[in-house]
Amino acid sequence: MEPASLTLPAKAESISVFREFVRRAAAAAGIDPGELEKLDLVLEEILINVARYAYAPDQGVVEVACSGLGHGKVQVEVGDYGRVFNPLELDPPDLSRGLAERPIGGLGAFLVRSMVDSIDYRREGNRNVLSFTFPNAGPTYPNADPT
Amino acid sequence: MNIEPTELDKAVLLKVSGRMDAENAHEFEEACQRWIAQGAKHLIAELDDLQYVSSMGLRCFLSVAQKLQASSGSLILCGLHGLPRQVFEMTRLIGLFPVFETPEQAIASL
């Protein structure tokens, strides 16, 4: 399948348009419909990071490209022209803390890593590109009991 | 997302349905804050019809629960299932909230 791409302003309001775009590509790639909400979540977490941190408010664009990989898998690439930012370098959240001490943030990147099959960041000229494949074939999340 | 509140003797029940995402999660937090400001000590979130929650929603649940705990109250969850339940489990947030199957069980615990 040829990659299809969509470019929109880097803001929260664009997320729902990207969601429908990626869902169409996922359906064409034969992804289990039961996995689509997880795909929505991965996409939302990545896009909200771009919308908040890549650019000054209400500036810049984000591009999402999808291609089917066969075997019911899809590859999605999210590109922006903002400041250099690799979300995969963020420290993982401490999930062992009690309610009062639990930090409010940091869960988005953790959920993304837990739900994708593979994910890579690259800097291409003045562009950040986060590329992931979905869904994962293994345990649903890192803490899953392997039995 | 739709939030339907019901005032009970010892708590306020908030029936949350639909999708809680980056665009609307703040509406849930604001609804909770309004009830807390009016003196609610325990909030029960009924989540049978919640289909989706992202990290922005989790932040709101966490922030409301922390606020209530600080005043000896609680945010109680019931009916968690599907993707929202998975997300609460993956982030190990589930252990930080009282969790029940039904609002009746949640009310009986107070």
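**Exercises on a predicted two-chain model**

Two strands count as paired if DSSP finds at least two bridges between them. This is a predicted model, where local features need pLDDT of at least 70, side-chain atom pairs count only at pLDDT 80 or more, and totals for chains, interfaces and linings use all residues. Residues are numbered from 1 along each chain as its sequence is written, while chains are lettered from A and ligands numbered from 1 in the order in which they are written.

**Exercise 1.** Work out how strand 2 and strand 3 of chain A are joined.

*Solution.* Start with the ranges: strand 2 covers residues 61-70 and strand 3 covers residues 73-80. Next, take the bridges: eight of them link these antiparallel strands. Finally, pick out one position: A:Val64 in this pairing faces A:Val78 of strand 3.

**Exercise 2.** Describe the fold of chain B, beginning with its elements.

*Solution.* First, count four helices (DSSP runs of H or I, at least four residues) and six strands. Then read from the N terminus: β-β-α-β-β-α-β-α-β-α. Lastly, check the box: along the principal axes, the C-alpha atoms of chain B fill roughly 30 × 25 × 25 Å.

**Exercise 3.** Find what share of the 110 residues in chain B is buried.

*Solution.* Apply the cut-off: a residue is buried if 20 or more other C-beta atoms, placed from the backbone, lie within 10 Å of its own. Buried residues then come to 45% of chain B.

Conventions
Helices (H or I, at least four residues) and strands (E, at least two) are DSSP runs, numbered from the N terminus. A residue is buried if 20 or more other C-beta atoms lie within 10 Å of its own, exposed if 12 or fewer, and partly exposed in between; C-beta atoms are placed from the backbone.
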